[in-house]
Amino acid sequence: MIMKTERLILRPWEERDAEDLYRYASDPAVGPAAGWPPHTSVEDSRRIIRNVFNGAEAYAVCRRDDRPIGAIELKLKGHTDMTEREDECELGYWIGKPFWGQGMIPEAAEELLRHAFEDLGMRAVWAGYYDGNEKSRRVQEKCGFVYVRTTEGLELPLLNETRTGHCSILTKEHWNEMHPHSGE
């Protein structure tokens, strides 16, 4: 599945994307805020593409030159701890630091949320962010997510630390209210 927005292409990851992925995912400002360690080599990034970015709804966020600058995914049942339901999923995302503050992740998220509700028949999409990750909180606010709960002491085994996490939800009903002409 390939989706396009005004500025972006969302497409499945390919092993040839490893160098572009490494360029942005090796930056210590990117991964740890989202709960994962910086990539350590192009081979590390290739392994992540094979074993982590291999979900049914995992996409490379690319500019129109088709080169990845970030990642976005709907984590389906069995791949998220936010829900056990078949008709709910979790939205996850990150983007390379040179592209921060340009509205690209909200743009990508809007398209993936449309896909979740219109194509996949989801009734709700969950999202979370860790304390201090204001950029991620703002993405969720812009997309209409509503705060649900805060959880202290979440373990992040990849970083060997614990954090406070905040959880939000966007229901199909709320999404439809914000997009009155969608799905027609």
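The following questions and answers look at salt bridges in a predicted model.

Student: How many salt bridges does the count come to in this model?
Tutor: A pair is included when a side-chain nitrogen of Lys or Arg lies within 4 Å of a carboxyl oxygen of Asp or Glu. By this rule, the count comes to 22 salt bridges.

Student: How many residues apart in sequence are the parts that Arg 16 and Asp 66 tie together?
Tutor: Arg 16 and Asp 66 form a salt bridge in which the closest N and O atoms are 3.5 Å apart. Arg 16 belongs to the loop between strand 2 (8–11) and helix 1 (18–25), while Asp 66 belongs to the loop between strand 3 (58–63) and strand 4 (68–75), so the parts that this pair ties together are apart in sequence by 50 residues.

Student: Is Asp 20, which forms a salt bridge with Arg 23, buried or exposed?
Tutor: The closest N and O atoms of Asp 20 and Arg 23 are 2.7 Å apart, and the two residues, 3 apart in helix 1, are separated by about one helical turn. Arg 23 is partly exposed at 43% relative accessible area. Buried means under 20%, and because Asp 20 has a relative accessible area of 8%, Asp 20 is buried.

Notes: Residues are numbered from 1 along each chain as its sequence is written. This is a predicted model: local features need pLDDT of at least 70, side-chain atom pairs count only at pLDDT 80 or more; totals for chains, interfaces and linings use all residues. Side-chain values use heavy atoms; hydrogens and water are left out. Helices (H or I, at least four residues) and strands (E, at least two) are DSSP runs, numbered from the N terminus. Buried means under 20% relative accessible area, exposed over 50%, partly exposed in between (1.4 Å probe, protein chains only).
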